[in-house]
Amino acid sequence: MTKTMTQAPAALAVHELSASYGGRTVLDGVSVDIPAGRLSGIVGPNGAGKSTLVKAALGLVPATRGHVRLLGEPLKRVRSRVAYVPQQETVARDFPITAVQVVEMGRYPHRGWLRRLTRADDELVAAAMEQVGVADLAGQPIDELSGGQRQRVFLARALAQQAELVILDEPFTAVDARTESALLDVLTGLCAEGRSVVAVHHDLRTVLDRFDHAVLMAGGIVAEGDPADVLTPANLEQAYGIVVAR
Amino acid sequence: MIGWLLDALPLSYPDAVVVVGTAVVGFVAGALGPLAVLRQRSMFGDAMSHGTLAGVAVAFLVTGVKVPEVLLLGAAVSAGLAAFAMIGLERAGRLRPDAAIGVVLSTSLALGIVLLTHIGSSGDAQQSGLNEYLVGQAAGIVERDIVLALALGAAALAVVTVGFRLLRSATFDPGFTAVAGVPTWAVDAASTGLLALAVVLGVRTVGAILMVALLVAPVVAARQLTKRLAALVPLSGLFGAVCGAVGGVVSGKAELPAGPVIVLLATALAVLSVVFAPRRGVLARVRRRRVAG
Amino acid sequence: MSPDDVMIVVIAGLLSTSCALLGGFLVLRRQALLPDAVSHAVLPGIVLIFLLTGERASAATVLGATAFGVACVAGFEWLRRSGIVGSDAALALVFPALFSLGILGITRFASGAHIDLDSAIYGDLTFAPLRTMSLAGLDVPTSLVVTGCATVATILFVVLLWRPLHASTFDPEFAELSGLRARAAGRMLLVVVAGLAVVAFDSVGAILVVTFFIVPAATARLLTQRLGTMLVVAVAAGWVSSLAGERLATAIDSSIPGTIGLASAGLFVLALLLGRRGLAWRALRSRRPES
C-alpha cells in the first residue's frame, strides 16, 4: 500500500486554470500537481489566489479556462470522495443546528436526498466526533461553540465523510494553539492512512514544521515541493516582496 | 412664493402644481436615497413608508381633522419609530436586517390597516383621504404642499451638506467612525430622521408601497455614473426630480396615476444606466472581458 | 364561534402553516423580504391573465401570477449576482416596478374588472367561507380547498428537499460540493415561494402574505435551537395568531388580516422578551450584581 501510493494520481492536479472573482482576474493560467498521500499546504500573501485556487478547483468559483483533476478524476465523479472544510465566514453561524447534525451532513454525499442514515452512518459520525474530541458537544447548538470547537466539528464532518481527499480553506483562523496542534495531529493521521490533505494556510512556521509538501503562491505558483526547499528566503522575498529572515 | 414658477411653466395651473410638486419630492427622495442604499438599507425605506400609515391614522384619530401638516407629523413620527424598531431589533434582538425589516413592515402595516378600518367603520367620510397614503395621489397636491416640501427638503439638504463628511465616513465604515469618537447611534439617528423626512414627503404622492423605488432607483442610476459621493447626491437628486416632473406631466396627459408612472420612469432610468453606463455598465464590462480574454 | 369563524381560522391557519415552513428557510437564508416583493410583483400577472381570459381567479391566474413572481425573483437574482447593485437595492428596484405595471394595467384596461386594489392588499378573508365550490357533492369554500392543497404540497416539498435545503442554508459551499444539487434546490424553493405567495395573495391579501412568511418564523428563531423544532414552533405561532387575530377582529369589529398581523406581532414581542436570551432576562440579570 505504501509503495503504490507514490504511483497514485495526484491529489489535486490543476492545468492552466484561470478564474476571476468579483470581476477581477485572480488566477491566470495556473498549473500545479499536489501529490497524494501527503499533508500539503498552500501558502502565500493575502490576495495571492490561494482560496480562489481551491474554490475554482472545486467548482465553487467558475473557472474561465483550464481543467482540474481530483484524485485523477473530474470533480463530478469524485464528489463523495472529496471533503471540503470551508472558511468559517461562508457558514451561517446563527443557523439553528447542533454539532452532531453538522457532522451527520458528512454522510449526505453518500446518502443523497432521501435515503435514511443507517446505524453504520451513526457509528461513523460518533467515531469522527470522538477522534477530534467533540463527542461531549454533540447536542450543543453550533452558535454556542468556540471558534476552536466549531472547527473541530467541521473537521469531524470531513472525517465522517470518509473522504480520500480533504481540502481545508484557512482552517486555523480563530482557533487556539492547542486546537490547531490537535487538528494537525488528526490531519497527519489521515495522511498516514494514505489519504490526502490540502490546506490553504497563511502561517509559514506551521507549514515548515508540520506539513509534508508546500505550494507557495503569489498570483501564480512561485515554488512547490518539500516545505524546506520551498520556503526559502529567496522564494519568500519573491512572493511577499520583502526580505524575510528565517 | 413659487407662483412665478408655476406661471412660467407651459401648463395649466393644476398641472403645473402637480409637476413642480412631484419634481420637488423626486429631488428630495433622490438626494437622500444614498443614505439608505449605500448602507445596504434600501428596504428600510419600504418598512418606513408602510410605517407612515399607522402614524397618519393616529394623528387623524387624535386631532379629528385632516390637516396635511398634522398628518405629516404623525407620519414622520411613526416612520422614525419604525426605523428605530428595525435598528433595535438588529442590535438587541440579534435579528438579521432582512428579518427585522420584515417584522417591522408587517407589524406597522397591520397596525395601519386596523386603525384605518376603525376610522372607516366610525363612518367618517374623510377616511378616503387617508387611503391615499397607501397607493398615492399626486393630483391632490396643492401649492401649500410644495412650499412645505421645499422648506423641509432644503432643511434636510442643509443637514446633509453640513454633516457630509461624517455621513460619508459613517456610510463607508461605521466601525471606524465609532472608534473615532462619533457614536453610531447619533449617525443612525440623523440619517434615519432624514430618510423619514424623504419618505413622508413622498408617500402621499407615490404611495407607501412604491415609495421605496423613489429612494432607490435614482441612486442606482446615479451610482453607475459616478464614484464620488459628493457627485452622487446631487446627480441622484436630479434624476429623481426629472422622473418626478416627467412622470407628473405624462400621468396628467394620459390620465394615469402619477406614482406608478414616476416609479416606472425611475426604474427605466436605473436599468438604462446599469446596462449602458460607460465604465461600470454591463455592456462596458462585457466588452472589457472580451478584450482581456 | 360560528362555523364561518372556524372556517376563517382554519383557512388562515392552513396558509400560515405552509408560509411558516418556507418562511423558516427564507429567514435563515437572509431572503425574508422576497415574499413581500413577490406578493406585490404578481399583480401584473393577475391583470394580464384577466385581460387575456376575462377570469380573475382561475388556475390560469395562479400560473400567470406565479410566472411574474418568478420573473421578479429571477430579475432580483440576476441583479444581485451581477454585483452591480446590492441585494437590498436589487429587491427595492424590481418589485415596485412590477407593482406599478400592475396598477397601470388595472387603471388603463381593467378598471371594471373587480380587481380592486383594496381587496388585493387587504384580502377578503371575511368572505372566504361564502365563496364555495362543489367537491364530492359537498359545498366547500374554495379557499379551503386551495390552501389545503397548498399546505400538502408545501409539506411534501420541505420533506423531500429537507437535506439540500437545510445543508445549503447552513453551509452553501459544502452543500454544492456534496452533490446535493443545492443551487437547484434553492431555486425550487423560490419558485414554490412565488406560487404560494400567489395563492396566499388571492386568499388573504398582501399584508398577511408578508406576515405569515416572516413573523412566525422570526418568532420561532428566537425560541429554538434546532431547525426541526423551529419550523414546528413557527407553524404553531401561525395557528395561534390566526385564532387570536380572528377572535380580536370579531371583538373589535376590525379587519381580520390586520388583527392576525397584530396578533403574530404580539407573539413575536413576547418571544423577544421572554425567549432564551430574551430581553427581559437580560434586564433582570444586569440588575443583579455579578456573582
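The model is predicted: local features need pLDDT of at least 70, side-chain atom pairs count only at pLDDT 80 or more, and totals for chains, interfaces and linings use all residues. Residues are numbered from 1 along each chain as written, chains are lettered from A in the order written, and side-chain values use heavy atoms, without hydrogens or water.

**Chain C overall**
- Chain C has 13 helices and two strands (DSSP runs: H or I of at least four residues, E of at least two, numbered from the N terminus).
- Its C-alpha atoms fill a box of roughly 70 × 50 × 35 Å along the principal axes.
- Of its 291 residues, 60% count as buried (under 20% relative accessible area, 1.4 Å probe, protein chains only).

**Helix pair in chain C**
- Helix α7 (residues 142-160) and helix α10 (residues 182-223) of chain C pack at about 165°, with axes 10 Å apart (lines fitted to C-alpha atoms over the stretch in contact; angles run from 0 to 180 degrees between N-to-C directions).
- α7(C) and α10(C) are therefore roughly antiparallel (over 145 degrees).
- Residues of α7(C) that meet α10(C) include C:Val146 and C:Phe157 (heavy atoms within 4.5 Å).

**Helix pair in chain A**
- The axes of helix α7 (residues 147-160) and helix α8 (residues 177-192) of chain A come within 10 Å and cross at roughly 10°.
- α7(A) and α8(A) are therefore roughly parallel (under 35 degrees).
- Among the α8(A) residues that meet α7(A) are A:Leu183 and A:Leu187.

Note on methods:
Parallel < 35°, antiparallel > 145°, perpendicular 65-115°, else oblique. Buried < 20%, exposed > 50% of the residue type's maximum accessible area, 1.4 Å probe, protein only.
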